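Look at the structure first, then read on.

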Amino acid sequence: MSRPVLAQINLAALRKNLRMAREKSAGAQLLAVVKANAYGHGLLRVLPALSDADGLALLELDAAVSLREQHYGRRILLLEGFFGADELSEIALRRLAVVVHHIEQVRMLETTPLTRPLEVFLKINTGMNRLGFKPSEVREVADRLSASSSVAALRLMTHLARADEEEGLHEQLQSFEDACKGLPYPRSIANSAGVVRFSEVGGDYVRPGIMLYGSSPFPYDTAEMLGLSPAMTLRSELIAVHDLKPNASVGYGGGYTAARAHRVGVIACGYADGYPRHAPNGTPVLVCGKKVRTAGRVSMDLMTVDLTEAPEAGVGSPVVLWGEELSVDDVAAAASTVGYELLCAVAPRVPFVTTEIGKVDIEL
Ligand SMILES: *Cc1c(COP(=O)(O)O)cnc(C)c1O
C-alpha cells in the first residue's frame, strides 16, 4: 500500500478523441500536438494511442529526438522551430520539420550548411501578436526560403488567438488569406478550436492539442457536449474524516469555517501533486462518485472536502479530482484557470498508470 494518489491515462479515450478530430477535419493531415510531455499525460505513454495521426507537433527538441529514438517515423513538427544554428544539424539528422517565425531563423537557414534540407512551416502573425511574420513580409520571406538550399518544402501557417469568437476568428482568417494570396504552398491554421470549426477554418494540416486529451477548447461548450472523453483521471482516497462543530475551521489560516455541524474528509492530494492551490472553497471533487466541495485551503500534501453530500464516505473512499465523471474543465473553471494548466501541472511525484478501457478498479 502506497500513498493513494494516481493519474490514470486512458488510451481508448485518446484514440476516440483523435478519431473525432479526424472526422471533423476530414481531408486534412492531422498533426497531434504533444508539447509539454503530451499536456502532462506522458509523451511515450500516449504514443501508441496516436498511431493514426499523420504526425506529431511539439516544441522540445529533446522530446522530438526521443521520439525518433523510439522509431517514430512520421512527420514531427517543432512548433517554435530552432533557437540557435547549433540545433540545425540534429534537426536535419532527425528529419524534423520546423516552424520559422523570425527573420533571424531565415538567416540561420541560409548560412548553415545542412546534410539534408528541411520542411519549413512559415508562421504568419495574423493577430495573436506573439510569433510570426507580419502579413506584409510574407511574400519576401517565402521567396527567400524557397530559394534556400536548406529548405526542401514550404508550408504557410498561423495560430488562432480567438477561435471561440465570431469577429476575432474571421479577422484572423481574412488576414491569413490576404497574406497568402497567390502563394502555392499548403496551409495549416487550426488548433483544437479551429478543428471544431473546421468548416469555416479549413487548411491542409490541422494541429489539435487539448481536444485529444478530452478537454474543451471553448469556455462555453463542455467536452461532453463536443463528444470528447477525458484521457486523464486524477484519483486519490480519503485518508481521514472528522466531525466539525459549528464555527470550527479547517486548514491553514482557517480558510473555511463550518456554518453548521458536518463531516469533512481529508484527501491525499495537494499542490505538490499538481492540484491548484488557488482553488477556492467550493471547488468540485467526487467522493464515492458523489459531487462534494472543497472546504479549506489546498495544502502541499492534503486537501479537505465537505462530506455532507456523501454520507457513506469514510477512510479509504475513492476520490476523483478530475477526469471520468468530473471534467477537468469544471475544476479549472472553479479555480479560475483552464484545463490545459491543470493537466500540464501534475507533479512528478504522482505515479501514472495506463489503461485501455473506460472504468477500471485500481488497487491504489
Ligand atoms: C499548442 C498549439 C496548438 C494546439 O492548441 P490546442 O488549443 O491545444 O488545440 C496548435 N498550434 C500551435 C502553434 C500550438 O502552439
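A polar contact is a pair of N or O atoms within 3.5 Å; within protein, one must be able to donate a hydrogen and the other to accept it, and residues adjacent in sequence count only if both atoms are side-chain atoms. The model is predicted: local features need pLDDT of at least 70, side-chain atom pairs count only at pLDDT 80 or more, and totals for chains, interfaces and linings use all residues. Residues are numbered from 1 along each chain as its sequence is written, and side-chain values use heavy atoms, with hydrogens and water left out.

| Residue | Polar atom | Distance |
|---|---|---|
| Lys-35 | side chain | 2.7 Å |
| Ser-192 | side chain | 2.6 Å |
| Ile-210 | backbone | 2.8 Å |

The protein buries 92% of the 390 Å² that the ligand exposes when taken alone (accessible areas come from the Shrake-Rupley method with a 1.4 Å probe; for residues, only the protein chains shown count as cover). Among the residues that surround the ligand are Val-33, Tyr-39, His-159, Arg-207 and Tyr-340. A residue is near a molecule if one of its heavy atoms lies within 4 Å of it.

The structure has zero disulfides (a disulfide is a pair of cysteine sulfur atoms within 2.5 Å). For Cys-269, the nearest cysteine sulfur is that of Cys-344, 16 Å away. Cys-269 is buried, at a relative accessible area of 0% (buried means under 20%, exposed over 50%, partly exposed in between, with a 1.4 Å probe and protein chains only).
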